Amino acid sequence: MTLKKSKKILHMSIVIILLVILIAILSWLALKKSTSVSMENHEVPQITLTGDDVITLCSLDDYIEAGYQAYDKVDGDITNNVKVTKTDYFVYYEVTNSHGLSYGTGRILRIKDDEAPVIKLNGNSLISLNVDEEFVDPGVTVTDNCTEDVKVTVNGNVDVTTPGNYVITYEATDEHGNKASIKREVIVNKKDTKMGVIYLTFDDGPSSYTNKILDVLKKYNIKATFFLTNSGSDDVIVREYQEGHTLGLHTATHKWEIYSSVDSYFNDLSIVYERVKRLTGIESKYIRFPGGSSNTVSRKYQTGIMSTLAKEVEDRGFSYFDWNVDLEDAGSCAYKSNKEACVLNNFKNGLSKNRINMVLLHDIKSYTANALEDMITYALDNNYVFKSIDDTTPTIHQHINN
Ligand code: ZN
C-alpha cells in the first residue's frame with residue numbers, strides 16, 4: 001500500500017464518519033420534530049359562548065356582545081385571537097390555533113319585536129261618581145320593550161248625566177303591531193236624594209271668633225247651638241240669642257275641679273245658667289259636660305261622679321248632650337299644619353245619613369271659624385239640613401266611664 005493510497009482511505013473514512021454523524025443529527029432532529037408534532041395536538045381549539053344561542057332583538061343596533069372564550073389544549077386561552085363577524089342574522093366567532101387548526105361557531109340574531117306593550121291604569125280601576133259630577137279620565141301609562149312610539153286608543157265613554165256603569169277600554173299598539181289592553185269601570189251614581197240632619201254645637205265660647213261664626217251662620221240662615229261658659233263678651237251671647245241659636249250650658253269655669261262633687265259641679269253650672277238668664281231671659285235646660293259624659297279625667301276628682309251627675313242633671317230638669325261627630329278641633333287638628341283642612345276633613349268623614357249628626361266644634365278656635373263656610377256648603381251640596389237643639393232633639397249619650 002502506497003502512502004498516497006492510505007491517505008485517500010483516511011479521507012474517505014473521515015467523510016463517511018462525518019456523513020454518519022450528519023445523518024444521526026438529522027434523524028435526531030426529525031425524531032424530535034415528529035415527537036413534538038404528535039404532542040401538538042391535531043385537535044381543533046374550542047369556543048364557548050356566554051349567553052343564549054338565539055337572541056331576539058328590536059334592532060341590530062341593540063346587540064351587545066354577550067361574551068365568549070376560546071381555549072386550545074396546547075396554546076391555552078386564545079380568546080384574544082377570536083375574530084367576531086356580525087351580520088344581520090348571525091354573529092360568527094372563529095379562532096385558529098398555532099397549528100393552523102380553526103374552529104368556528106355562532107349565534108342567531110332574531111331582529112323581531114313580538115312583545116306586547118305594557119299598559120297600566122293611572123288611578124283606580126273603578127271610579128265612582130255622582131251624576132253630573134265631572135269625569136276626568138286619569139288615562140294610562142304605556143311602556144314597550146322596543147319603542148316609545150306606542151299608540152293608545154280609548155274606547156267607551158262616560159255620560160255623567162246618565163247614571164249607570166260604564167267601561168273604558170284602553171288599547172296600546174306598538175309599531176310592530178303588538179297589542180295590549182286594559183279596562184276601567186266608571187259608575188255614575190244616581191243623585192243622593194236621602195236627607196241628613198246636622199246639629200252644629202259650639203263649645204267653650206263665646207270668644208273673639210264667635211262673631212265670625214255667627215256671620216257665616218247668618219249668611220246661610222243656619223241655626224246652631226252654643227254650649228256657653230263664663231268667658232267672652234255678653235254681647236255675643238245676646239247676638240246668639242237674637243239670631244235664633246240655641247243657648248246651652250257648658251259650665252262657667254270649664255275647670256276639671258267641677259267634678260270634685262255634685263255641689264261643685266252645680267255651683268259652677270249655675271254661674272253660666274244665671275249669665276244666660278240675665279242676658280236673654282232664657283232658662284237653659286241644655287247641658288254639655290266638659291269632656292263629655294264619657295270623660296275619664298273626672299276619676300281623678302271623684303270616682304263615679306259622671307254616673308251620679310248624668311242622673312242628677314236629669315233629675316233637676318236638664319238634658320245633657322254629647323256628640324257623635326268630633327272635628328278634633330280641640331284635639332289632633334290643633335297639631336296639624338293645615339288645621340282648617342283637618343277640621344273640614346273630619347267633618348266630611350264623620351257625617352252619616354243613617355243617624356242624626358251631633359257635631360262637636362269649638363268657637364274658641366280660629367281655624368274652626370275659618371273652615372265653617374266650607375263645611376256648610378259641603379253639607380248643603382250633599383242634602384243635609386241644619387238644626388239647633390230643642391226639646392225634640394235626640395240627646396246622643398256616650399258611654400259613661402266613671
Ligand atoms: Zn269644653
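Helix 2 (residues 210–219) and helix 3 (residues 234–242) pack at an angle of about 15°, and their axes lie 10 Å apart. The model is predicted: local features need pLDDT of at least 70 and side-chain atom pairs pLDDT 80 or more, while totals for chains, interfaces and linings use all residues. Residues are numbered from 1 along each chain as its sequence is written, and side-chain values use heavy atoms, without hydrogens and water.

Helices are DSSP runs of H or I with at least four residues, numbered from the N terminus. Axes are lines fitted to C-alpha atoms over the stretch in contact, and angles run from 0 to 180 degrees between N-to-C directions. Helix 2 and helix 3 are therefore roughly parallel (angles under 35 degrees). Contact, meaning heavy atoms within 4.5 Å, involves T210, N211, L214, D215 and K218 of helix 2 and V236, R239 and E240 of helix 3.

| Pair | Angle | Axis distance |
|---|---|---|
| Helix 2 and helix 3 | about 15° | 10 Å |
| Helix 2 and helix 7 | about 15° | 9 Å |

Helix 2 is thus roughly parallel to helix 7 as well. Here K212, I213, V216, L217 and K219 of helix 2 meet A369, N370, L372, E373 and I376 of helix 7.

The largest nonpolar core has 52 residues, of which I198, L200, F202, L217, Y265, F347 and L372 touch the most other members. Such a core joins buried Ala, Val, Leu, Ile, Met, Phe, Trp, Tyr and Cys residues through side-chain atoms within 4.5 Å, buried being under 20% relative accessible area with a 1.4 Å probe, protein chains only. Helix 7 (residues 366–381) gives the most to this core, seven residues.

Notes. Helix = DSSP H or I, 4+ residues; strand = E, 2+ residues; numbered from the N terminus. Parallel < 35°, antiparallel > 145°, perpendicular 65-115°, else oblique. Buried < 20%, exposed > 50% of the residue type's maximum accessible area, 1.4 Å probe, protein only.
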